[in-house]
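Let us take a walk through this protein together, one region after another. Please keep the sequence and the 3D view open as you read.

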Amino acid sequence: MTEGLEALEARLADELAFLQLPAPRWTPARKDEGQCVVDVVVIGAGMTGLAVAAALVHRGVNAIAYDEAPEGWEGPWATTARMETLRSPKQLAGPALGIPSLTFRAWFEAQFGRAAWDALDKIPRLQWMDYLRWYRQVLALPVKNGHRVTDLRPREDGLVELALEAEGRTLRTLARRVVLATGRAGLGGPSLPAFAERLPPTRRAHSSDANDYALLKGLRVGVVGGGASAMDSAATALEAGAAQVHLLVRRADLPRINKGKGAGNPGFVAGYARLPDDWKWRIRHYINVQQVPPPRNSTQRVARFANAHFHLGVAVHDVEERSGVLQVRTSSGPIELDFLIFATGFKVDWRQRPMLRHVAPYVRVWKDRYRPPGGEEDAELAESPDLGRAFEFQPREGAHCPGLERVHCLTYPATLSLGVITGDIPAISEGALQLADTLAGLLYAEDIAHHMARIEAYAEPEIFGDEWIAEPLPCQPPNENLDVIDRAAGLAPGDALHAARRFRGPVVLATQASYDALLNEPVEGLSTADRLRVARHVCTLAGAASLAKHYAERLADTTGRTAPPAPALPAMLAFAAKLTTDPRLGDRAELDALKRAGLGDAAIVALAQLVAFLSYQFRVVAGLQAVRAMTHDRHEGK
């Protein structure tokens with residue numbers, strides 16, 4: 001019995017919730033001349049673009065992915081790819097980002113069951129495309145289809161400006177960072193020999209072209225190359241009814257071992273980018289020279305046709321069209337064909353990526369700074385971009401392109417710099433997660449002042465002050481600053497009224513804190529001793545004998561260490577007396593009198609606050625004394 005996609009999606013929602021994904025957005029919203037600025041624009045929404053977009057969204061980053069293809073047709077899987085199944089082993093997690101229910105296996109088993117999974121050899125190509133469509137839908141990823149990026153310009157102000165075409169309109173958007181997720185041909189396009197480009201398009205195609213293979217029915221077709229795409233193209237031509245298919249393979253034998261698999265371990269994935277340049281070049285050059293064998297099932301798919309011909313050790317030197325026939329000159333002699341398919345891979349060729357024309361002249365590639373050992377020259381590697389640790393383009397020596405480092409590359413040509421995390425199924429999650437973490441860190445650092453302000457403004461309490469009752473240690477001597485109101489009212493730890501007062505613990509703490517601040521905090525023109533003189537005077541006028549005694553004792557302890565009374569003290573005492581006995585008398589004339597006596601605005605405000613606090617203080621003490629007396633009388637039976 002299968003689980004069904006609905007149940008899988010519910011399980012996935014739980015896993016995301018357990019991991020607290022996606023995180024709430026934390027980057028500040030930005031505008032430039034009224035236009036919203038996106039944190040990260042991802043160019044391309046194939047497998048790599050979707051994985052990067054998902055990783056960014058999960059980290060609370062504002063991201064959007066653009067792809068020129070219609071929805072559900074991104075990448076090569078349902079368009080130009082022609083293999084029956086993927087070449088990668090079925091158990092690889094692909095773009096799942098470490099989330100079990102997001103894997104292809106979970107998606108497959110939910111619909112077809114465990115037994116079907118066990119019986120599956122490799123993943124059917126179109127089924128993989130269906131999985132990617134589900135991946136995008138279930139994560140609700142921010143993708144805009146039918147949008148082709150036509151221009152990309154880093155700016156000195158820390159933004160990247162992009163021009164796009166969509167539905168016949170030219171649009172403009174701004175981003176803080178841009179990620180190129182444009183696949184194996186991400187920084188160029190098909191690699192074709194010069195003679196191929198002289199042929200008319202009706203006579204040749206590259207294996208990545210959207211060629212209609214039905215048009216090859218009855219024709220003699222040559223396929224140049226012996227890799228996976230060569231086998232897939234040959235098989236598709238044969239299945240479309242080609243009269244003959246000739247595989248023209250320069251090597252004397254097809255490679256048998258995929259050396260790249262020999263490097264497949266977590267250490268290689270995580271550690272490659274840290275290697276010295278010599279080791280990076282040595283590894284990638286060795287794999288290039290050894291080449292990757294075509295999959296066994298793809299090769300058998302061709303070989304089962306009797307009209308398929310494998311020509312090994314045959315290099316194509318030139319081609320010309322004569323009388324509607326292609327005369328192909330090879331290292332083994334001439335051959336006549338009607339159509340040629342070049343399965344010759346891709347190359348870095350900025351001319352084939354016009355959207356990059358404003359950055360291409362400035363980008364540093366490996367040949368700009370690295371010279372390989374003799375015998376290890378490699379034209380493909382030499383043209384690879386020399387990326388930084390943040391996947392960013394770096395400028396050539398002497399080049400001036402402010403903002404270039406805000407363009408990040410997660411495409412196949414980045415492999416020499418960063419390793420296998422740059423676009424293929426085996427390590428795409430690691431690449432997407434590393435890049436998303438890096439971009440999140442860069443965005444945070446750029447906005448550190450904003451984030452510090454948020455930290456300072458954060459005010460959600462976790463305790464409220466009513467969780468405990470503060471008491472002195474039994475051996476602790478009396479402390480004048482412990483709680484003035486308790487002592488003035490005659491309360492002591494252990495009394496019922498002392499405990500009852502602590503039911504509003506925050507008020508007790510705030511009252512004592514106000515006392516400390518109003519008497520001790522430095523105020524220009526208002527000494528602590530003068531404040532104590534005012535407090536003693538006010539409490540004496542109000543009849544608060546215990547408080548007046550307290551302030552008199554504090555004053556006696558203080559005056560030996562302070563200056564004599566300020567000349568303004570008589571005016572201060574008069575002002576405090578009027579506020580205490582009749583607050584209506586504390587008018588503008590009294591304030592002017594204080595100023596004439598030499599007090600500044602800060603001192604006047606502090607004096608008024610002190611008098612107001614004293615009024616509150618002696619009323620609280622009087623109330624507590626009344627309650628205490630009433631309780632005592634009740635106990636005495638009065």
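The paragraphs below move from the sheets to a hairpin, some individual residues and a cavity.

First, a word on the ground rules. This is a predicted model, in which local features need pLDDT of at least 70 and side-chain atom pairs count only at pLDDT 80 or more, while totals for chains, interfaces and linings use all residues. Residues are numbered from 1 along each chain as its sequence is written, and side-chain values use heavy atoms, with hydrogens and water left out.

Let us start with the sheets. Strands of a sheet pair through backbone hydrogen bonds, either parallel or antiparallel. Helices (H or I, at least four residues) and strands (E, at least two) are DSSP runs, numbered from the N terminus, and two strands pair if DSSP finds at least two bridges between them.

If you look for Val 245, you will find it opposite Ala 308 in S12. Contact here means heavy atoms within 4.5 Å.

A second open sheet has 3 strands in the order S13-S14-S15, and its pairing is antiparallel. Strand S13 (316–322) and strand S15 (333–337) stand at the edges with a single partner strand each, so one side of each is left without a neighbour in the sheet. From one strand to the next, the twist averages 20 degrees. Strand S14 (residues 325–330) pairs with S15 over 5 bridges in the antiparallel sense, and Arg 329 has Pro 334 in S15 as its bridge partner.

Now turn to a hairpin. Strand S5 (residues 148–154) and strand S6 (residues 160–166) run antiparallel and are joined by 6 bridges. Leu 152 has Leu 162 in S6 as its bridge partner. Between S5 and S6 there are 5 residues, and Gly 158 in the turn has a positive phi of about 90 degrees. In S5, 5 of the 7 residues are buried, so this strand is largely enclosed by the rest of the structure. Buried means under 20% relative accessible area, exposed over 50%, and partly exposed in between (1.4 Å probe, protein chains only).

Ile 64 is found in strand S3 (residues 63–67) and is buried, with a relative accessible area of 13%. Leaving aside neighbours within four places in sequence, Ile 64 is in contact with Val 38, Val 40, Val 41, Val 42, Pro 142 and Lys 144. Ser 298, in helix H10 (residues 296–303), is buried at 6% relative accessible area. With the neighbours within four places in sequence left aside, Ser 298 is in contact with Met 231 and Asp 232.

What about the backbone in the loops? The peptide bond from Leu 21 to Pro 22 is cis, with omega near -5 degrees, and Pro 22 lies in the loop between helix H1 (5–18) and strand S1 (30–32). Gln 291 has a positive phi, near 65 degrees, in a residue other than glycine; Gln 291 counts as partly exposed at 32% relative accessibility. Phi of Phe 391 is also positive, near 65 degrees, but Phe 391 counts as buried at 2% relative accessibility.

On a 1 Å grid over the protein atoms alone, a cavity is a set of points where a 1.4 Å probe fits but cannot get out, and lining residues have an atom within 4 Å of a point. Grid points are joined across faces, edges and corners, and a volume is the space filled by probe spheres set on the points. The structure holds 1 cavity of 30 Å³ or more, and the largest cavity has a volume of about 40 Å³. Its lining consists of Leu 50, Gly 72, Glu 74, Met 129, Leu 132, Arg 133 and Arg 136. Helix H5 (residues 125–139) gives the largest share of this lining, 4 residues.

Methods
On a 1 Å grid over the protein atoms alone, a cavity is a set of points where a 1.4 Å probe fits but cannot get out, and a pocket is an open set with protein on both sides within 12 Å along at least five of seven lines; lining residues have an atom within 4 Å of a point. Axes are lines fitted to C-alpha atoms, for helices over the stretch in contact, and angles run from 0 to 180 degrees between N-to-C directions.
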